[in-house]
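Me: I have a model open and want to learn to read its side-chain features. Take me through them one at a time, please.

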Amino acid sequence: MIKVSVMYPNGKDVEFNANYYKTKHLPMVVNALGDALKGLELDLGMASRVPGEPAPYVAIAHLKFNDIESFQASFAPHAKTFAADVVNYSNVQGELQISELITF
């Protein structure tokens with residue numbers, strides 16, 4: 001299983017509408033990806049390891065798929081739509097990382 005993490009970096013002038021992201025963007029993604037998507041988790045940054053400092057990321061979405069091929073096949077047809085919606089919730093682009101998911 002793999003995990004695709006979309007990480008939105010935090011910073012001085014970063015804007016992020018978590019309500020829109022949770023209620024509009026992610027449901028659109030879930031619907032578009034269909035059965036290829038095996039799970040979704042959302043982390044909303046609260047703090048960093050240094051007390052009083054903001055979290056390094058305002059949000060991180062973790063999408064789970066069986067393999068890279070199923071991610072690519074389900075995501076590619078909708079990539080432009082997903083990217084075009086970013087302006088509705090943030091002024092920063094997410095960084096994408098694909099990881100092997102290992103559970104203990």
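Me: Is Glu41 buried, exposed or partly exposed?

Reply: Buried means under 20% relative accessible area, exposed over 50%, and partly exposed in between (1.4 Å probe, protein chains only). Glu41 has a relative accessible area of 41%, so Glu41 is partly exposed. Two ground rules: this is a predicted model, where local features need pLDDT of at least 70, side-chain atom pairs count only at pLDDT 80 or more, and totals for chains, interfaces and linings use all residues. Residues are numbered from 1 along each chain as its sequence is written, and side-chain values use heavy atoms, with hydrogens and water left out.

Me: Which residue forms a salt bridge with Glu41?

Reply: Side chains of opposite charge can pair when their charged atoms come close. The test is a side-chain nitrogen of Lys or Arg within 4 Å of a carboxyl oxygen of Asp or Glu. Here Lys64 is the partner, with the closest N and O atoms 3.5 Å apart. The pair links distant parts of the chain: Glu41 sits in strand β2 (residues 39-44) and Lys64 in strand β3 (residues 57-65), 23 residues apart. Strands are DSSP runs of E, at least two residues; helices are runs of H or I, at least four; both are numbered from the N terminus.

Me: How many salt bridges does a search of the whole structure find?

Reply: One.

Me: Now rings. How many aromatic pairs are there?

Reply: Rings of Phe, Tyr and Trp (its six-membered ring) pair if their centres lie within 6.5 Å; planes under 30 degrees apart are stacked, over 60 edge-to-face, the rest tilted. The count comes to 10. One of them is Tyr8 with Tyr21, edge-to-face at 5.5 Å centre to centre and 80 degrees between the planes. Tyr8 lies in strand β1 (residues 2-9) and Tyr21 in helix α1 (residues 18-33), so the pair ties together parts 13 residues apart in sequence.

Me: What kind of pair do Tyr21 and Tyr89 form?

Reply: Their centres are 4.8 Å apart and their planes at 55 degrees, so the pair is tilted. Tyr89 is in the loop between α3 and β4, 68 residues from Tyr21. Tyr21 counts as buried at 2% relative accessibility, and Tyr89 is buried at 3%. Ring pairs link Tyr8, Phe16, Tyr20, Tyr21 and Tyr89 into a cluster.

Me: Which backbone atoms lie by the side chain of Ser90?

Reply: Polar atoms of the Ser90 side chain lie 2.8 Å from the backbone oxygen of Glu15 and 3.2 Å from the backbone nitrogen of Val92. Ser90 is buried, at 9% relative accessibility.

Key:
A polar contact is a pair of N or O atoms within 3.5 Å; within protein, one must be able to donate a hydrogen and the other to accept it, and residues adjacent in sequence count only if both atoms are side-chain atoms.
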